[in-house]
Amino acid sequence: MGMDDAWLLPAVPAAAFAALLLFGKYLPRKGDWLAIGAIAASFALFIPVLADLLDEVGREGFAGVVSGTDWVEFDTFNLRLGFMVDQLAIVMLAVVTFVSTLIEIYSVGYMKGDPRYGWFFTAMTLFVTAMITLVLADNLLLLYVAWEGVGFCSYLLIGFWHERRSAAEAAKKAFITTRIGDVGLLIGIILLWREAGTFSIREIIEFAQDGGYSAEYLTTAVLFVFAGAVGKSAQFPLHVWLPDAMEGPTPVSALIHAATMVVAGVYLVARMMPLFVVADPVALDVVTAIGLTTVMLSATMAIVATDIKRVVAYSTMNSLGLMMVALGAHSVTAALFYLFVHGFFKALLFMGAGSVIHGTERQEVWELGGLARKMPLTALAFAVGTLAMIGIFPFSGFWAKDEIVNVAADELAWIVVAFLVFSIFLTAVYMTRLYLLVFTGRPRDDHAHEHAHEAPPVMSLPVLVLAALAVIAGFWAFDQVGRALGFPGGIGEFVFLDEAQEFAFPVVAAISSSLAAVGGMAFAYALWFGEAEQARQLGERFRPLYKLWKNRYYFDDAYQWAINNLVLVGGNVIAWFDRNVVNDTGVDGSAGLAVFSGFQMKFSQTGRLPNYALAIVMGVIILAIVFLAVRV
Amino acid sequence: MIPIQHFLVLSSILFSLGIYGVLARRSAVLILMSVELMLQAVSINFIAFAVYLAPEEFTGLIFAIFVITVAAAEVGLALAIVLRIYRNKATANVDEVDIMKW
């Protein structure tokens, strides 16, 4: 068992998915044990792969191991079912397989008694299969297949309670919005393939580094690829689907919209980073700008959001934007490090929110409050997640966020760094606000508070595991910790673009980001602790700003307007053209012409034998004359 | 030996007479007879060419026999139709029969 056998990682859940789909309802407990077992097996198989990689990684020039087979052979290219294991894939696999396993266990408690309990686990298994394939794919075509598979599963799971109209709408919205980006990704893949003649990621990168693409061509191609990442990772301007995707069951939100699927876009950009570096610098500037815009939009919208899951969803957007900024500074290390710890603390936050919803059946923060006494474990876990998200020393988020601020300070304009620090302040504000409103103060809805109870062990155990990881995962930044675990050093010496970096800790960045974080917490405490009267007054005073944030910068309204007035009107014009010109004139028209002319011409038939005989003879004579004329 | 042109002229005359008969006559029976004339003109051509071009082969002769056979069958069929029309319409004049149209 080594890196060559990495195909087993997606194969096991795939087999479990097939079994669940066919026989799921005949299995005891609807087959949830099979789903969990398959994904846990995937995680178990990941460990020897990791061990093998750690043996190899020190070797000079190690750049991953490719395995797999040719799937379909064409004249000009092979479609490969190929898998590549390298450091980047390993970090992603660690997050995907481990967090998925925990979330599936958590789902046993959360989804208990749901009429489609079995289907939930079936779809989750397919989702994990697609995600692992995406991470391991060694060529862009297989990656694209998995990419779409992930999108499809997200559609299934967001719309899991599709009896609710809002859930069905949210599922559609997510599918269509990400599809806009996916088309860009497909165009990008085709552009890359057209010149290089291969879909293999490694060969395309080599081709680009040898100067095979012209700079403008490559820039265009990578920007199209980035469009796919924008859609999948909910970046501005395709971010509108992520908050709505909270209509799905909470474990889905935790799995898809925090830990795994949405980071696929970040992973894609990280995987393609050598291309971005070769391309015109404007490509990376676009990545930075989009990421920073997303950070600022999400952080401000989160301050006024009142749905507990929505706030966490905005914080996810915020985190994804941060990763994009890190990638904009072409630091794969910082982005992947943040992705790694983010997987833990964001899943933790979502599962904590899920426990709250499960215990109280309320999602609006103004109906919650004072839950810390009723649900101490959840409150503790949520506090850990909050502190990690804010980036308080020594929680994992601190180290990861610090790394991003560092690389931004090294590589990007000072204005970007200023915005980053300000976003850390905003993050602290809205995360603290969320915690204060949900877990402290006076219960606002007595019935919900009476009803509140701690989640069952099957739910709280995964939460506690994640809470522990949210505290310690960040220590991987240290070289000593990395070496103790068998890595060559900290994450900087494991995942990197060009050369390994030792752990560095510029104090200025750490202090400024910590000050911003603590300041944000204090600000939120002053505003929202207790009756939140100050917050209300502030909201009144800055009414236009409050409304702007509350209405999500009117993005949804603008898109709805565009859909109503541009897409649907354009669609109606095309439909009119199709109905009247293509169908009624083109298709029915030619048939009608044949009928009409046949009807008119039948009157030339006399039915008299001599006329026909004469016509035959005249015809023969004319033919004879023509024949003679042509011959001569 | 008689030159082949003589046979060809004869068959042309016969054929033309047949065409004239088909176009000019009004009685269905006479038209049928004219058609026979045309068929026999063709047969003469077959035999003449067979004898003059490939005397050791019988292709043309066999064709002539086929033509005679087919002509006999055709006349049998056509006369049956004419009889039916006569039963229905009490006439064999083709000008008065126009039931072949829409």
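## Contacts and overall layout of chain A

Residues 24 or more positions apart make up 79% of the chain A contacts that have a separation of 6 or more, where a contact means two C-beta atoms, placed from the backbone, within 7 Å of each other. This is a predicted model, so local features need pLDDT of at least 70 and side-chain atom pairs count only at pLDDT 80 or more, while totals for chains, interfaces and linings use all residues. For bookkeeping, residues are numbered from 1 along each chain as its sequence is written, and chains are lettered from A and ligands numbered from 1 in the order in which they are written.

Of the 632 residues in chain A, 51% are buried. Here buried means 20 or more other C-beta atoms within 10 Å of the residue's own, exposed means 12 or fewer, and partly exposed is in between, with C-beta atoms placed from the backbone.

Confidence per residue comes as pLDDT, on a scale from 0 to 100. Chain A has a mean of 87, and 100% of its residues reach 70 or more. Chain B averages 90, with 99% of the residues scoring at least 70. For the complex, the predictor gives an ipTM of 0.85 and a pTM of 0.80.

## The nonpolar cores

A nonpolar core is a set of buried Ala, Val, Leu, Ile, Met, Phe, Trp, Tyr and Cys residues joined through C-beta atoms within 7 Å. The largest one has 220 residues, and V266(A) and L348(A) touch the most other members. Helix α15 of chain A (residues 332–360) is the biggest giver to this core, with 18 residues. Leaving aside residues up to four places away in sequence, L348(A) touches A381(A), V384(A), G385(A), V463(A), L466(A), A467(A) and A470(A).

There's also a second, separate core of 5 residues, including I19(B), A28(B), I31(B) and V94(B).

From first C-alpha to last, α15(A) reaches 41 Å, close to the 42 Å expected at 1.5 Å a residue; the expected span is 1.5 Å times one less than the number of residues. There's a kink of about 35° centred on H342(A), the bend being the angle between axes fitted to the seven residues ending there and the seven starting there. Just after the helix, E361(A) takes a positive phi of about 60°.

Helix α18 of chain A (residues 396–411) has 16 residues and reaches 23 Å from its first C-alpha to its last, close to the expected 22 Å. Because 13 of those 16 residues are buried, α18(A) is largely enclosed by the rest of the structure.

Two cis peptide bonds are worth a look. One joins F236(A) and P237(A), with omega about 0°, and P237(A) lies in the loop between α8 and α9 (241–244) of chain A. Another runs from F393(A) to P394(A), with omega near 0°; P394(A) is in the loop between α17 (376–390) and α18 of chain A.

Then there are positive phi values in residues other than glycine. E361(A), with phi near 60°, is in the loop between α15 and α16 (371–374) of chain A, and E361(A) counts as exposed because it has 12 C-beta neighbours inside 10 Å. Y554(A) also has phi near 60° and is found in the loop between α25 (543–550) and α26 (555–601) of chain A. With 12 other C-beta atoms within 10 Å, Y554(A) is exposed.

## Where the chains meet

The contact takes 10 residues from chain B and 10 residues from chain A. On the chain B side, the residues divide into 7 nonpolar, no polar and 3 charged.

Notes: Helix = DSSP H or I, 4+ residues; strand = E, 2+ residues; numbered from the N terminus. Nonpolar A, V, L, I, M, F, W, Y, C, P; charged D, E, K, R; others polar. pLDDT = per-residue confidence, 0-100.
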